[in-house]
Amino acid sequence: MEEPIKVTEAAQVPEQRGEQLLDAAVRYTEERHWDVLPGTWLEAVAGAEQCSCGEARCAAPGAHPARPDWSSQSTGSAAAVRRMWSKHPRASVLLPTGRTFDAIDVPESAGFLALARMERMSLPLGPVTCTPDRRMLFFVLPGAAAKVDDLVRKLGWSAPAIGLFGRGEGHYVAGPPTRVGGRGAVQWARRPTPANRWLPDAAELISPLAYACGREAADARARLS
C-alpha cells in the first residue's frame, strides 16, 4: 500500500500537487480508458482547510463533484483532461461508475479479509481502493450494482445490513491520489496493472465479500450485546 502523503503544516491543507492529480487523471484515460472528471479541491481559509464548494460542513471536502451536471462533464479524452485540470490544477480526480466499471463498496476490515481469501483462491481481481473513511472498493464489470442485492440475498444476507453496496450508473468514486479533507488520501490496495485490465464479474467476488461483511456485522452485534 502507498505511504500516506505528508501534511503541510503552514497552509493547514494536505499537500496535493496539481501535477500528481493531472498525471493520474491522464493515466486513467490513456491506460485504462476510464472516464474522469474534476471535482472540488481543498483551500486554505483562515488557517484551516475548507472545500472549494464553500460548505462549512461538507461531507467529502475536496472530493465530490463541483457541479450538479457532473455526469456530462466526465471525459475519456486525455486532451480534454489536460484542459480541465489546467483551469483547476488541484481538482480531485473522480471516476464515474456504471460505464467502464462498477464498484463493490465494503468496510475496510472486511475488505482486507476478503482480499486475502480471494488471493488464496486465485480469484480474478481488478483494482481495489482504500478510502480515508475506512471503506474498500473493488472494481468489477459494469452492471454489478444492479445485481449486488440479489446476489447477496441468495447467500442469506441483506446487503445493506452487512454494509455491502454496489456503485453503478449515476455514482462515482474518488481516484487516487485524491485527498478527502484532513482524513487522508484515497490509495490503491491493488493498483491498476496490465494483469488486471480485464475486470471480474460481481458474481465471481460476491461470496467472499459477503462472507467477510457478514462476519464483521455479526461480530459488531456481539460486541454490543
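**Exercise 1. Confidence**

Find the mean pLDDT of the chain, and say which stretch has a pLDDT below 50.

*Solution.* Start with the chain as a whole: its mean pLDDT is 90. Next, look at the share of residues that reach 70 or more, which is 92%. Now turn to residues 1-15, where the pLDDT is below 50. Beyond near neighbours in sequence, this stretch still has 34 contacts in the model. Take care here: where pLDDT is low, the predicted coordinates should not be read in detail.

**Exercise 2. A sheet and a hairpin**

Work out the strand order in the open sheet of three strands, and find which strands stand at its edges.

*Solution.* Step one is the order, which reads β3-β6-β11, with antiparallel pairing. Step two is to count partners: β3 (37-38) and β11 each have a single partner strand, so one side of each is left without a neighbour in the sheet. These two strands therefore stand at the edges. Step three is to zoom in on β3 and β6 (residues 93-96), which pair over two bridges. Leu 37 has Leu 94 in β6 as its bridge partner.

Leu 42 is bridged to Cys 51 in β5. The two strands form a hairpin with two residues between them, and Ala 46 in the turn has a positive phi of about 50°.

**Exercise 3. His 64**

Locate His 64 and decide: is it buried or exposed?

*Solution.* Second, take its relative accessibility, 17%. Buried means under 20%, so His 64 counts as buried. Third, list what His 64 touches, leaving out residues up to four places away in sequence. Among these contacts are Cys 51, Cys 53 and Cys 58, along with Leu 94 and Tyr 172.

**Exercise 4. The second largest pocket**

Describe the volume and lining of the second largest pocket.

*Solution.* Begin with the volume, about 270 Å³. Then go to the lining, made up of 16 residues. Those nearest the centre of the pocket are Thr 131, Asp 133, Arg 167, Ala 174 and Val 180. Next, ask which elements give two or more residues to the lining: they are β9 (135-140) and β11 (172-174). The largest share, three residues, comes from β11. Finally, sort the lining by class, and you get 10 nonpolar, one polar and five charged residues.

Notes:
Residues are numbered from 1 along each chain as its sequence is written. This is a predicted model: local features need pLDDT of at least 70, side-chain atom pairs count only at pLDDT 80 or more; totals for chains, interfaces and linings use all residues. Side-chain values use heavy atoms; hydrogens and water are left out. pLDDT is the predictor's confidence in each residue, from 0 to 100. Contact means heavy atoms within 4.5 Å. On a 1 Å grid over the protein atoms alone, a cavity is a set of points where a 1.4 Å probe fits but cannot get out, and a pocket is an open set with protein on both sides within 12 Å along at least five of seven lines; lining residues have an atom within 4 Å of a point. Grid points are joined across faces, edges and corners, and a volume is the space filled by probe spheres set on the points. Helices (H or I, at least four residues) and strands (E, at least two) are DSSP runs, numbered from the N terminus. Ala, Val, Leu, Ile, Met, Phe, Trp, Tyr, Cys and Pro count as nonpolar, Asp, Glu, Lys and Arg as charged, and the others, Gly among them, as polar. Two strands pair if DSSP finds at least two bridges between them. Buried means under 20% relative accessible area, exposed over 50%, partly exposed in between (1.4 Å probe, protein chains only).
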